Amino acid sequence: MRQAYMSEVRPKKALGQHFLTDLSVSRRIADSLLAEERTDVLEVGPGMGVLTRFLLERPEIALRAVEIDRESVDYLLLHYPELNGALIEADFLRLRLENFFPGNFCVIGNFPYNISSQIFFKILDYRERVPQVVCMIQKEVAERIAEKPGSKTYGILSVLLQAWYDIEYLFTVGPGAFNPPPKVQSAVIRLRRNGRTSLPCDEALFKTVVKTAFNQRRKTLRNSLKPLIADKALREQWDAETLSAFVSRPVFDLRPERLGVEEFVDLTLSLA
């Protein structure tokens, strides 16, 4: 039975909950979503609805929300009756989003820091349906995602997300805006789908190359990609001279953070 009254929801450490309490920040996040008339939007992890309230004020947005925490679900249905029929009680990471959205939809939310990377990988799976993402995440992760090649923070998510999205670092949010305050700074970023419809290489191999390269990011690509180079050499029955000529290419002298999306595409093509 639903509770008759709930003044607040207890933040749960196991769910990585840090509830945003600063209404000015919430409004700014909601306003960062660029929406036209009748835009379907999914809010991930609304918690106590501090962001939800401002999204519901926008008539051009058709809002759904997904929340895994039963206590938060009870609170939301009590305080935001507009969500009745639009609130999905489920784990976003396990959700078949095509069952709820027949067409494109944007994603917004204050992502739990402990699963933010998994959320982004899920969004990548639906990239043809998700033209825009606005989210608050740990500042360090936001900087990594938005970073350009050459930085020490540039990594796997940087490459995979930048292959399909243009990424903007919007603003920083301090710990005092939350209950309980996190031990780190937070940041809001916006991802907007770029014009790329496909990669000119095998996408699964592209992911493997990127992940393998960054798993040993301090090594040159010649060393970090040894297993993939060996696989190609075996497939094509290279002799020692051919193998030596292949790994003598200048790109293999680099570390992975030096390569942008196009360079990783070229590298993937060479390893196919």
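Reader: Which residue forms a salt bridge with Arg27?

Author: That's Glu57, and the closest N and O atoms are 3.8 Å apart. Before we go on: this is a predicted model, where local features need pLDDT of at least 70, side-chain atom pairs count only at pLDDT 80 or more, and totals for chains, interfaces and linings use all residues. Residues are numbered from 1 along each chain as its sequence is written, and side-chain values use heavy atoms, with hydrogens and water left out.

Reader: Why is the contact between Arg27 and Glu57 called a salt bridge?

Author: The term means a side-chain nitrogen of Lys or Arg within 4 Å of a carboxyl oxygen of Asp or Glu. Arg27 and Glu57 have their closest N and O atoms 3.8 Å apart, so the pair qualifies.

Reader: What does the pair of Arg27 and Glu57 tie together?

Author: Arg27 lies in helix 1 (residues 23-31) and Glu57 in the loop between helix 2 and strand 3 (61-67), so the pair ties together parts that are 30 residues apart in sequence. Helices (H or I, at least four residues) and strands (E, at least two) are DSSP runs, numbered from the N terminus.

Reader: Why is Arg27 called partly exposed?

Author: Buried means under 20% relative accessible area, exposed means over 50%, and partly exposed is in between (1.4 Å probe, protein chains only). Arg27 has 39%, so partly exposed it is. Glu57, at 49%, also counts as partly exposed.

Reader: How do you know that Lys232 is buried?

Author: Its relative accessibility is 7%, which is under 20%, so Lys232 counts as buried. Lys232 meets Glu236 in a salt bridge (2.9 Å, N to O), and Glu236 is partly exposed at 43%.

Reader: What makes Thr52 buried?

Author: Its relative accessible area is 0%, so Thr52 falls under the 20% limit. Thr52 lies in helix 2 (residues 52-56). Not counting residues up to four places away in sequence, Thr52 touches Glu43, Pro46, Leu63 and Leu83, where contact means heavy atoms within 4.5 Å.

Reader: Why do strand 6 and strand 9 count as paired?

Author: Two strands pair if DSSP finds at least two bridges between them. Strand 6 (residues 132-138) and strand 9 have seven, in the antiparallel sense, so they pair. One of the bridge partners in strand 9 is Leu191, which goes with Val133.

Reader: What makes strand 9 largely enclosed?

Author: Seven of the eight residues of strand 9 (residues 186-193) are buried, so the rest of the structure largely encloses it.
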